[in-house]
Structures are given as C-alpha cells and as structure tokens.
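Please have the chain open in a viewer while reading. The text below goes through it one region at a time.

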Amino acid sequence: MASHYGGIPEDVIQEIIARNSIESVVGKYVQFTKRTGQNQFGLCPFHSEDTPSFSISTTKQIYYCFGCHKGGNVIHFLMEIENIGYVDAIKLLAEQSGVTIPESNDEEYQREEKKRKRIKGALLEAARYFYANLMSPRGEGARSYLQKRAISTKMARGFGLGYAPDEWEGLSHFLKDKGYRDEELLESGLFTKGKRGQPVDLFRGRLMFPIFNPMGEIIAFGGRIMGDGQPKYINSPESPVYSKQKNLYALNFAKASCKKQLIIVEGYMDVISMHQAGVKNAVASLGTALTERHLDLLGRYTEEVVLFYDSDKAGQNAAIRGLKMIMHRKQKQSGLALKVSVAKVPNGKDPDEFIREFGAGAFQEVVDSAMPVMDYLMDSAKLQCTNGKKFDAQSYQMLVCEYLSWETNLISRERAANLVSSVLGVSTQSILNQVALAGKERKASEVISVERKTRTQTEVKSTHNLGETATNDELILLVLLSMMGSSYSNLFDKPLVTDFSMGTMRSIAKEYLPLLGTPEGDTNHLLEATHEYVINKRLARDVISECLMTTTGAHDEKSLLRYALDYLYRVRMDVYTRQKKRLAEQLDGMPNGPDKEATKKGLLDTMNYLKYLQEQMKSMR
Ligand SMILES: [Zn+2]
C-alpha cells in the first residue's frame, strides 16, 4: 500500500485531499446544473451526453458518473481529466492549495526505487556489452545485416543497437564481474533461470534493440535472430522497470521532434529507417496490439496519431481489432481527444521498404493521405468481401453495418453510410436504419450477458476462487463500514477478513479493516487503499464510488449500525452457506473414522452458526 503513494507521506496526502474540496476541483471542468440533496449534477467531462449523469457528493467528497461509471476522489478526478499519474495529480493539488510535499521517506518505496535503479544500471551495462560485441569481429554478421537494410553506423549508434553473441552465459558473466547479483540479473528480463538456478542469457545470436522509456532510460531489449531461426523477434518480459503496454519504441526520440502528430508502425526496423530518412516522429508498439494504455500515453505527447498496419492478413485483422478498441473507447469516454487516422503503404510494402525505395517525401504523402478510421474500415470491409472478381454484397452489408454501429458521431456515420450506399446501390437512409438495428441488437445482447453474469456470480465463486470478483453485498458492506467513523466501536459484530471473497476483495479487506474506527478508516482512505485494484473487471475506485453514491438512507448512527450489521450478516451467510455445501459434499462418501467425525462436527458447527445468523437477522427486522 505504501508504495502507491510514491513516497509521499500519508498525512500530507490527507491534508491535500482535505484542502481541495471535490466541488472546487471538479467545478473547474464541470458546470453543475442540478442539485438533489447533497449531490450535484452536471454534464460528464468523460463521455458525451445531453442530460447530466455526472455527480459529486459534497458529504462523501467523491464523484461518480451514472453514464460511463467512472468515479473516485479529487485525486482520481485529476488523474482522469488531465491524463496524469497518481503522484503528479497529488503534486498538482498540493501546488494549488499551497501544501508542501516533504522529501520522500517511505522506506518501501525507496527500496523499490533502489532496486529499479540497479536494474536500469544493469540494462545500461548490457547495452554497452552488446554494442561492443556489434563492433567486434564477432558482430560481423549483424553489421552486414544492418548494411543490407541500409542502416548507417551513425543510426545504429544513436539507437544503441548491439549484438548478443551466441553464448549461454556471456552477458551473465559480464554483469557479474560488474558486481550485479544473480537475483538482480534474474529480475532484469535479460535472463532465464538455468538448471542450477543460475541466470542464463535470454538473447543469443541476435541483433539487439534497446527499448527506452520516454525519459530515454533503457528499460528492456528486443532481439532479432541472425539467420533463419525461430522466433524471429523476442522481447524482454515484463519487469519492475518495463511494461510493454505502457511503452512505445522510440517515443523518447519521437517526442523530441515536437510534432503534433505521431506515426505508429509495427517494427523496430521500420522506425529506425524512418528516423534515418528524416521522419522523426515514428514509434512502434512493442510486439503487441495497441492498447488503451498506449492511447493514454500517446495523448500525453501528441494530438494526432497516424496508424500503419502490415498489409498481410494477420496485420489487417490486428488493425480491425485495434480500431474497434479505439472506436469503443471513443464511445465510452470522450476523454480520448486524440485524432486517429489510418494510412496504407501502396502495393503492400512495409514502411521500411517503401521509404528506402521512394524516400521521405513520398512517404510524407502517404502519411498525408491517411484516412479517418471509419473510411478505413469501409475500405477494409470491401477488400474482405472481394475474392478475385467476385464481390459478396451480402457479407459486405453485414460487415459495414457492424462497423458503422461502432461510430457514435452521427455525422461521421451518415457520411460513411453515404459511401456504402453508392457501393450497394441503396439509399443512405436504409443503411442507417440497418445500422441502428445492428447497434440495438448488440446492446441487447450485452445487457443480457451482464445480467447473466451477476446472477451466476456467487455460484461460480463457490467452486473456483475467482480472483477478481466480489458480490454486491460485500461492496456495500465495505462502503457502509467506511461511513461509520467512530460509531464502528458500537458495531455489535465486527467484520473479518474471511468475510470477503478471495483475491482482490480480500487484499482490500486486509489493508482496510484494521483502519476501521480510526481516523484513517474513512471513505477517502478506502478509495486511496483500493485505487490500483480491479474488482469485477472494473477499477475498484469506480465500483466503490458507484456504491457510495447509491448507498443512501443511512445518515444517523443508529440506521448506519443497523445497515452495516445487516450486510455483515448477509455476507457471512454467503460464506457459511458455501462452507456448509462444501463440508456436506466432503462428508458424502468419506470412510468412517476420525476425519469423518471431525468433518461432521464442522458441518454441525457451521449449521448452528447459520441458524444464529438467521436469528440475528430476524431480530433486526
Ligand atoms: Zn460519464
């Protein structure tokens, strides 16, 4: 928990939260037009809407949107709206309210930070090792490959390219001589574990590409095999310093180009060729499809992205999936202000090939002719439904209607439908009607699946310990507890960690329950303690804010105590009912003996306790 705070002392965070009311912080971005009780409503800044479903609670000091279901406290609001990290949001609020943040004194954070520094140090040494090998006689094969791809020595040096010799422990010995310990090496992502537990070089006989973070520090490597072996490319696994979903190759160079636009291609070699040709705003995703996190990252550095996808079938499928994610995200939260378009290299070439053959000028023309996402999808649908000279109009119609239903902007939708109408020879209106139908069907099926999920959830949980799920009752219990303050000491029965589902919910309970009854047990601390968790596939802070916003009616101590106890017993009933079922199943077919007797006793105790709970609940009504 401590490391979430980036070393900022807890009491300082609480002071910052206390000095920045939800109303004043959110009020800079949202105009409140409606008030009901303690809540104020306005148009949501995270998704587009005509009627206000975004709300703040001045008593609970939280926000929650009933439309897009985002929620949290002032810090989370700033993180979302300014697209900044947790620590940055705190710093911003501190500045605005004149709170000074003391130097970090969080031991765990400092320990982690020290470890990360050591790993980065090892990665930098590794890059030097690879570079020296590239320049040595051993690197001749790799050098001639670069020559073949027309990469200059200057470029190779600028991007820190290197060569990993075909040895099992070459790098491992090199780094150990520099004083790095085995466990540090194993955490760096450059090694696998050998039979004796020793670090074994992961990259062997490969051309090496260091991967930098936006600050220009080496955080990982990619390696291309020399010759015909498989796999062609491998990348470092995730490590304490590297997450492929949060980084883009060459962003450190591209951000320095200060262009309003970033170009996203697929491979390392594409990026390097482009930079060499003077296209200095190119980056690559690291062997993975573009994710929402990538979009967040891009949004910090640019206003517009142009995507290039490989023109082969796999590349095209990846493109459609990526674009669906982008459209979907646009629909969910207008927070995505990025302009996205898609470009196509003529004749099915790679950007790398094309730029070597035709130069940067011709490439810029390709970039300039990039299409809006919808147009690209329409085009792609046509290609997918064309086989030689045969055009399958029916599949085409189905496909375009699906794609069009991803578009929420009615004008863009109509414009694209217009293009389709000329292909199919039908009116634009009939296409729009069909799209509306497709959209409705999709919504209906989504709703059904959600309902089904909630209904079967407890059932599923009794057989597996699904790490991320929690029942509504547990969530409400947690929220009620957070509202109790000092009344907690008057709660007749106290919650236990085991009342909460295994996985995320239990980790939260472990951290949070000991704080109850102290000043640190309030709602804000609950949001703080859970801010990086995911419950039921949603951010914990969103789920908890929703729960806070919808849990009403418990304003005085007496009713709060009654509600909390009621939910505690409900949750516990669930736990013990599952236990009863499990014990009964065990008992079935168990041979006679002391084990059976013990299980029988356990079952009896469980049933007695269930009876007690039932009586308690009845007496409260
Ligand atoms: Zn919203």
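What follows covers a helix pair, the nonpolar cores and one further residue.

This is a predicted model, in which local features need pLDDT of at least 70, side-chain atom pairs count only at pLDDT 80 or more, and totals for chains, interfaces and linings use all residues. Residues are numbered from 1 along each chain as its sequence is written.

Begin with helix H3 (residues 74-82) and helix H4 (residues 86-97), which pack with their axes 9 Å apart and at an angle of about 110°. Helices here are DSSP runs of H or I with at least four residues, numbered from the N terminus. Axes are lines fitted to C-alpha atoms over the stretch in contact, and angles run from 0 to 180 degrees between N-to-C directions. H3 and H4 are therefore roughly perpendicular, the word used for angles of 65 to 115 degrees. The crossing of H3 past H4 is right-handed, that is, the near helix is turned clockwise from the far one by less than a right angle.

On the H3 side the contact is made by Val-74, Ile-75, Leu-78 and Met-79, and on the H4 side by Tyr-86, Ala-89, Ile-90, Leu-92 and Leu-93. Contact means that C-beta atoms, placed from the backbone, lie within 7 Å. By class, nine residues of this contact are nonpolar, none polar and none charged; Ala, Val, Leu, Ile, Met, Phe, Trp, Tyr, Cys and Pro count as nonpolar, Asp, Glu, Lys and Arg as charged, and the others, Gly among them, as polar.

Why does Leu-78 count as buried? Leu-78 has 25 C-beta neighbours inside 10 Å, and a residue is buried if 20 or more other C-beta atoms lie within 10 Å of its own, exposed if 12 or fewer, and partly exposed in between. Leaving aside neighbours within four places in sequence, Leu-78 is in contact with Val-25, Ile-84, Ala-89, Leu-92 and Leu-93.

The largest nonpolar core holds 90 residues, and Val-271, Val-283 and Ala-284 touch the most other members. Such a core is a set of buried Ala, Val, Leu, Ile, Met, Phe, Trp, Tyr and Cys residues joined through C-beta atoms within 7 Å. Helix H5 (residues 107-135) gives the largest share of this core, seven residues. Another core, of 59 residues, lies apart from it and includes Cys-65, Leu-516, Leu-548 and Val-571.

Finally, Gln-616 is found in helix H24 (residues 594-620). Gln-616 counts as partly exposed because it has 17 C-beta neighbours inside 10 Å.

Methods: Helices (H or I, at least four residues) and strands (E, at least two) are DSSP runs, numbered from the N terminus. Angles under 35 degrees count as roughly parallel, over 145 as roughly antiparallel, 65 to 115 as roughly perpendicular and the rest as oblique. Two residues are in contact if their C-beta atoms, placed from the backbone, lie within 7 Å.
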